[in-house]
Amino acid sequence: MPVLSCASLLAFWLLDFLTFQPNRIVPGTGFSPEAALGWPWALSMTVLLLFILAASFTSLRAKHTLQLLCVLLLLVQLPLSLAGFSATHVPDSLPHARTGIASGFWLLLFFAALMLIELQQKMHLSRLSITALLMLPLSCLIWVTYTGQIESLALVREYASRSSQFQDALQVHLLLVCGAVGFSLILGFVLVLLMRQWPAVQKFAFGLLNFIQTIPSLALFGLLIAPLGYLASRSEFLQAINVSGIGWAPALIALIAYSLLPIVRNVFIALEEVPDAVLESAKGMGMSQTQVFLQVRLPLAMPVMLEGVRITSIQAIGLTAVAALIGAGGLGSFIFQGLGQAAMDMILLGALPILVMALLADLFFSGLAGFFRYGAKQ
């Protein structure tokens, strides 16, 4: 905590906090915290960071609680600082003017997130508790966005000019992720049943899936272009469903191939590690083989299986962005367009939703696994 708070202070005062651009083309002018927010506001944020630092060297019982409160107040001030800067530094006479987020702001947000993670571990807080606490700064961000106080923010302006494209890209991204995870879950479960029935399949299946993981994602996308293009040119059905060497088809196949290993590995281990004593007790109660599997083995294995689904979902969310390079669409298209145009705001328009989706997937499946784990203990 002392290292993170010191790093936050250095980033806050030594780097530009926010920037102002008259339009999208002109480079932005950086503002230090005192110039962007005014001395009272900048000092209030500094006091919070100094308190977090000072509390680290005390023996107070409630020091972690106080540090957590300071971090949350700091996170609340970040969206409010965007609104305050827009109100004082963006004139109405420049309708295309933009507020940019500089490196000091991003680093302060990053270090605050690391402090939250450290406090969560020290205070033994659940992810649900941390999520509930984060509703306060999130509500503040939603409020300043909904009321139009940060409409000059460059990211908001990028979304406003591409809202329909963004919604289409988000829909495609979610469809590819859900399709990849859903198909890999079905195929993986069937493969695990075959591995349990015929042990010889196990060595071959894990060897093949491990080999697929060693192939770079972009290379695998490229390897699928030629065979799919050949098949599509000779099949009217494939042409009817828009299958070709590029687009959604090679992307979905590659995503399923990458998703199979964590699914198969976790499902196989989860089913194998159910205690034999529990299974024998179930059989002694008169349960059939099917009942033992569905009512005993599967529920007890569910937490570990869901961990595999969590890993697969997060991996698929990230890899789907790369699939934009072969015309699959999705949020990755904004990232690569932004890289080509050196437009950081367009990159963020694609990258931030991917980050949010990954965090939500992690939270959802971790919570679901915890629910089944708690049910198994009962």
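Me: Which residue in E2 is the bridge partner of phenylalanine 20?
Reply: Threonine 29 is the partner of phenylalanine 20 in E2. The model is a predicted one, and every value below is computed from it. As a general idea, strands of a sheet pair through backbone hydrogen bonds, in a parallel or an antiparallel way. In this structure E1 and E2 pair in the antiparallel sense, over three bridges.

Me: How many bridges join E1 and E3?
Reply: Strand E1, residues 18–21, pairs with E3 over four bridges, in the antiparallel sense. Leucine 18 stands opposite isoleucine 101 in E3, and glutamine 21 stands opposite arginine 98 in E3.

Me: In what order do the three strands form the sheet?
Reply: The order is E2-E1-E3, and the sheet is open, with antiparallel pairing. Strands E2 (29–31) and E3 (98–101) are at the edges; each has a single partner strand, so one side of each has no neighbour in the sheet. From one strand to the next the twist averages 30 degrees.

Me: Which residues point one way from E1, and which the other?
Reply: Leu18 and Phe20 point one way from E1, while Thr19 and Gln21 point the other way; all are buried.

Me: Which helix lies across E1, E2 and E3?
Reply: That is helix H4, residues 63–89, which runs at about 35 degrees to E1.

Me: Turning to helix pairs, at what angle do H8 and H12 pack?
Reply: Helix H8 (residues 163–197) and helix H12 (residues 248–272) pack at about 45 degrees, and their axes are 6 Å apart. H8 and H12 are therefore oblique to each other. Their crossing is right-handed. The residues in the contact of H8 with H12 comprise 19 nonpolar, four polar and two charged.

Me: Which residues of H8 meet H9?
Reply: From H8 come Leu191, Leu194 and Met195, and they meet Val201, Gln202, Ala205, Phe206 and Leu209 in H9. This contact of H8 with H9 divides into seven nonpolar residues, one polar and no charged. H8 packs with helix H9 (residues 200–214) at an angle of about 145 degrees, with the axes 8 Å apart.

Me: Now single residues. Is alanine 11 buried or exposed?
Reply: Alanine 11 has a relative accessible area of 5%, so this residue is buried. Alanine 11 is part of helix H1, residues 2–14. Apart from its neighbours within four places in sequence, alanine 11 is in contact with Gly104, Leu107 and Phe111. The C-alpha atoms of alanine 11 and phenylalanine 105 are separated by 8.1 Å, although these residues are 94 apart along the chain.

Me: Where is glutamine 120, and what does glutamine 120 touch?
Reply: Glutamine 120 has its place in helix H5, residues 103–123. Not counting residues up to four places away in sequence, glutamine 120 touches Leu125, Ser126, Arg127 and Ile130. With a relative accessible area of 19%, glutamine 120 is buried; the cut-off for buried is under 20%.

Me: What is phi of histidine 124 near?
Reply: In general, most residues other than glycine have a negative phi. Phi of histidine 124 is near 55 degrees, which is a positive value in a residue that is not glycine. Histidine 124 is in the loop between H5 and helix H6 (127–146). Its relative accessible area is 73%, so histidine 124 is exposed.

Me: For the chain as a whole, how many helices and strands are there?
Reply: The secondary structure comes to 16 helices and three strands. The C-alpha trace spans about 75 × 65 × 35 Å along its principal axes. Of the 378 residues, 44% count as buried. Among contacts between residues at least 6 apart in sequence, 75% join residues at least 24 apart.

Technical notes. Residues are numbered from 1 along each chain as its sequence is written. This is a predicted model: local features need pLDDT of at least 70, side-chain atom pairs count only at pLDDT 80 or more; totals for chains, interfaces and linings use all residues. Side-chain values use heavy atoms; hydrogens and water are left out. Axes are lines fitted to C-alpha atoms, for helices over the stretch in contact, and angles run from 0 to 180 degrees between N-to-C directions. Helices (H or I, at least four residues) and strands (E, at least two) are DSSP runs, numbered from the N terminus. Angles under 35 degrees count as roughly parallel, over 145 as roughly antiparallel, 65 to 115 as roughly perpendicular and the rest as oblique. A crossing is left-handed if the near helix is turned anticlockwise from the far one by less than a right angle, and right-handed if clockwise. Ala, Val, Leu, Ile, Met, Phe, Trp, Tyr, Cys and Pro count as nonpolar, Asp, Glu, Lys and Arg as charged, and the others, Gly among them, as polar. Contact means heavy atoms within 4.5 Å. Two strands pair if DSSP finds at least two bridges between them. Buried means under 20% relative accessible area, exposed over 50%, partly exposed in between (1.4 Å probe, protein chains only).
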